[in-house]
Amino acid sequence: MGINGLGDFLSIHPTELKFPFELRKQSSCSLQLTNRTDQYIAFKVKTTRPRKYSVRPNAGVVLPGSTSNVTVVMQAHKEMPPDMHCKDKFLVQSVVVPKGATIKDINQQMFEKEDGKIIGEFMLRVAYIPANPPSPVPEEPEEDSSPRSSMIEDEVKSSVLSDHVARSLEESTGRASSSEEWPMISKLMEEKLLATEQNQKLYHELEMMRKEILRNQAGRVSFFFVLLIGLVGVLVGYFIR
């Protein structure tokens with residue numbers, strides 16, 4: 001059996017190292033190494049670019065049925081790689097060690113291939129992913145269909161329409177010279193004058209009504225005051241007796 005098939009001691013996840021890529025910034029990803037056997041398994045992580053990556057821990061012992069976490073840190077890039085493609089690779093080696101072994105007992109000789117010795121090997125590829133993926137296009141806000149909004153909109157339209165009619169009338173008056181336009185303008189002017197006179201007449205009638213109401217209220221107050229004085233005089237005379 002070759003790589004990824006020889007000595008299947010550890011379950012490795014993920015099977016591809018994906019680093020968020022951003023210029024001049026470090027990035028990292030994690031590996032989970034799970035021991036699927038009933039023996040002590042030592043592991044060692046190697047890479048084709050040791051100066052570019054930092055692996056912590058790069059070696060250790062995984063107890064039966066347990067999992068060890070490995071963090072891989074990629075150094076910052078000064079330039080964008082062509083097509084965001086990466087050719088770097090990692091190799092995870094594993095081997096059975098005596099029960100009770102610790103990281104202090106691990107050495108390079110443990111992972112050397114000898115007659116009858118089984119070394120597990122698993123190759124991982126490296127991939128770059130965008131650090132800041134584009135955000136979705138925000139949806140346009142729905143139009144406000146509330147009664148207040150509709151009322152305001154109608155008032156604006158009415159105001160604009162009134163201004164437009166007034167300007168049109170003024171422009172027509174200023175430039176009217178044909179026999180067809182003058183009768184219409186004359187009629188509008190007469191209607192405007194009549195409306196003004198009616199408004200003045202109505203205002204005058206309202207003013208007269210207001211004065212009449214104030215006069216009646218003053219009369220009632222005076223009568224009430226005289227009646228109150230007379231009542232007080234009667235009461236005083238009664239007590240004097």
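**Close-up views of a predicted model**

View 1. A search of the whole structure finds zero disulfides. Keep in mind as you look that this is a predicted model. Is Cys29 buried or exposed? Cys29 has a relative accessible area of 11%, and buried means under 20%, so Cys29 counts as buried. Cys86 is buried too, with a relative accessible area of 11%.

**View 2. Strand β8 is largely enclosed.** Find residues 89-97, which make up strand β8. How many of the nine residues of this strand are buried? Seven of them are, so β8 is largely enclosed by the rest of the structure.

**View 3. Strand β4 pairs with β8.** Follow residues 40-47, which form strand β4. Strands β4 and β8 pair in the antiparallel sense, over eight bridges.

**View 4. Strand β9 pairs with β8.** Here the strand to find is β9, residues 120-130. In which sense do β8 and β9 pair? Their pairing is antiparallel and runs over six bridges. To get your bearings, look for Ser94, which stands opposite Gly120 in β9.

**View 5. A nonpolar patch lies on the surface.** Which residues form this patch? They are Leu202, Leu206 and Met209, and together they have about 310 Å² of accessible area.

Definitions and conventions:
Residues numbered from 1 in each chain as written. Predicted model: local features only at pLDDT ≥ 70, side-chain atom pairs only at ≥ 80, totals over all residues. Heavy atoms only, no water. Buried < 20%, exposed > 50% of the residue type's maximum accessible area, 1.4 Å probe, protein only. Helix = DSSP H or I, 4+ residues; strand = E, 2+ residues; numbered from the N terminus. Pairing = 2+ DSSP bridges. Disulfide = S-S within 2.5 Å. Patch = residues over 30% accessible without salt bridge, like charges linked within 9 Å, V, L, I, M, F, W, Y side chains within 5 Å. Areas by Shrake-Rupley, 256 points an atom, 1.4 Å probe, with all protein chains shown as cover. Salt bridge = Lys/Arg side-chain N within 4 Å of Asp/Glu carboxyl O.
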